[in-house]
Amino acid sequence: MALPQSLRTSVTPPELELIASEQLIDIVPLVTMEKTAFISGAYGPLRPPAKARVPLWIAVNLKLKKKCHIVPPEWLSVEFLQDRLSRETSNPGFSQLPFQFAEISKVILDIASDDLENPDKIRTLLKDIREARQSKSREGITKLDHSELGLSGLCSMEINEIRPFFIKGMNVLTKLIRDPEHPPNLDET
Amino acid sequence: MNKDCHDFAFTDLDDTQELPLQRLIRHWMNERHAPDILPIQAELLAGILDHIHKQSSTVNLLRTDPEASGDEHFRIMLAQTEIERVKFVVRSYVRTRLSKIEDYARWILSDSSLHGRLSETELKHAQSYADLLTTHFEESVLKALPGNQRSLDDKVIPPMVTPPDITKPVFVLARRDCPPVYLPDGTKMEMKKGQISLTQYRVIDSLLFQDHVELV
């Protein structure tokens, strides 16, 4: 019953998606529902056509049954992403994006692309942003040492992506340094 | 559109607004990433389990109600979905701890200051697991060795008790401005709210125990 070996080294993208689905998002409901107490909190009432704020997983559930429209977050628009992309390519640092932008945008693009303006353009922009940021985080490898590496601005999915390699790299460097106060673990890992 | 986006990036880090489920998710992720076993969130877990139980019985009650309308069915379905989501988190949290308890059973038992990090049931499990393992080692190998090499606790190198590898690097996200900690190369680091760093677990373990940081 212990955690399976495959899950012990890292978290999986579906798990990150599950976590991100707790984030609140605006919807325009097409059905009425009284205010309902859930474990995470109370949501509703839903009264079409008034906007309501619910967790993403409820929005997904309703959307799949064609019972609501999702109001995309402000940052999931061509205008905003275009601006981020130009910053991303002109500045050396990571530009500010919501911590779970990759998960949330994937969920919305997958199930509610008809609620977005120009979803294809948004997909392309997200991909370009992802690639620009990826090349920066790969450059980070050159600055890796046994002690600390600042990665502010990185988002949860990006961290998960670089995790195995960065951890392994830092581990090797730690072993090479051989801090006399903390003798390296002799068990072969 | 060019406004500063600091707000939306870290809105979820505010302690006062953190709901029980979000707290559990945070501790679940900490547990998943930390090499060491972290203190059990007993109260939080009990509260959530209680909530799951209550919600399930409400759902079952409504289900059997023949008067329930379509609208009602729909709420039941959402509540049911959420129960499954929460159960998944709880299960994964407990199983993550279980895997560490089994890996480090003898190490945990050897240091009584660690016992407080486990729940009563977990501690019992660690004890019986360690006993099983010891018996197995003795039966399969140790009894065939010369007497002076049979001990499992001897302070030789390599040690016979495996501790967690606290030099394992982890990704840390500061939930607020943190008191200074010392890095392996001797420099001082003061994490600012929202800062993300990759560093060894032993550097930030005290910050983690005080909820100043979370692992991502």
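In what sense do β1(B) and strand β5 (residues 213-215) of chain B pair, and over how many bridges? In this predicted model, the pairing is antiparallel and three bridges make it up. Within it, V172(B) has L215(B) of β5(B) as its bridge partner.

Strand β1 of chain B covers residues 169-174. Six of its six residues are buried, so the strand is largely enclosed by the rest of the structure. P169(B), F171(B) and L173(B) point one way. V170(B), V172(B) and A174(B) point the other way. Both sets are buried.

The β4 strand of chain B, residues 196-200, also pairs across the chain boundary. Three bridges join it to β6(A), and the two strands run antiparallel. In this pairing, E148(A) stands opposite T199(B).

The interface between the two chains was examined next. On the chain A side, 65 residues are in contact with 62 residues of chain B. The size of an interface is often given as the accessible area lost when the parts come together. For chain A and chain B, the buried area is about 5,700 Å². Carbon and sulfur atoms give 63% of that area. The rule finds 21 residue pairs in polar contact across the interface, both members at pLDDT 80 or more. Three salt bridges are also found there. In one that involves E15(A), the partner is R32(B), and the closest N and O atoms are 2.9 Å apart.

Several elements of chain A build its side of this contact. Each of α1 (5-8), α2 (13-20), β2 (36-37), α3 (56-64), α4 (78-90), β6 (148-150) and α7 (156-177) supplies at least two residues. The largest share, eight residues, comes from α7(A). By class, the side of chain A that touches chain B has 31 nonpolar residues, 18 polar residues and 16 charged residues.

Salt bridges were then considered over all chains, where the count comes to 27. Side chains of opposite charge can pair when their charged atoms come close. In chain A, K63(A) pairs with D114(A), with the closest N and O atoms 3.2 Å apart. K63(A) lies in helix α3, whereas D114(A) lies in the loop between α5 (101-112) and α6 (119-140), so the pair ties together parts that are 51 residues apart in sequence. K63(A) is buried, with a relative accessible area of 9%. D114(A) is exposed, at 56%.

A further salt bridge joins E88(A) and R133(A), whose closest N and O atoms are 3.2 Å apart. Because E88(A) belongs to helix α4 of chain A and R133(A) to helix α6, this pair ties together parts that are 45 residues apart in sequence. Both ends are buried. The relative accessibility is 2% for E88(A) and 1% for R133(A).

The pair D110(A) and K106(A) lies within one helix, α5 of chain A. Its closest N and O atoms are 2.8 Å apart. The two residues are four apart in the helix, so about one helical turn separates them. D110(A) is exposed, with a relative accessible area of 52%. K106(A) is partly exposed, at 40%. In chain B, salt bridges that share partners join E18(B), R26(B), R175(B), D211(B) and E214(B) into one network.

One loop residue of chain B was also examined. I40(B) lies in the loop between α2 (20-33) and α3 (42-64) of chain B. The relative accessible area of I40(B) is 18%, under the 20% limit, so the residue counts as buried. Beyond residues up to four places away in sequence, I40(B) touches L45(B), Y93(B), R97(B), R117(B), L118(B), S119(B) and E122(B). Q22(B) is 18 residues from I40(B) along the chain, and their C-alpha atoms are separated by 16 Å.

Notes. Residues are numbered from 1 along each chain as its sequence is written. Chains are lettered from A and ligands numbered from 1 in the order in which they are written. This is a predicted model: local features need pLDDT of at least 70, side-chain atom pairs count only at pLDDT 80 or more; totals for chains, interfaces and linings use all residues. Side-chain values use heavy atoms; hydrogens and water are left out. Contact means heavy atoms within 4.5 Å. Buried area is the accessible area (1.4 Å probe) that two parts lose on being put together, summed over both. A salt bridge is a side-chain nitrogen of Lys or Arg within 4 Å of a carboxyl oxygen of Asp or Glu. A polar contact is a pair of N or O atoms within 3.5 Å; within protein, one must be able to donate a hydrogen and the other to accept it, and residues adjacent in sequence count only if both atoms are side-chain atoms. Ala, Val, Leu, Ile, Met, Phe, Trp, Tyr, Cys and Pro count as nonpolar, Asp, Glu, Lys and Arg as charged, and the others, Gly among them, as polar. Two strands pair if DSSP finds at least two bridges between them. Buried means under 20% relative accessible area, exposed over 50%, partly exposed in between (1.4 Å probe, protein chains only).
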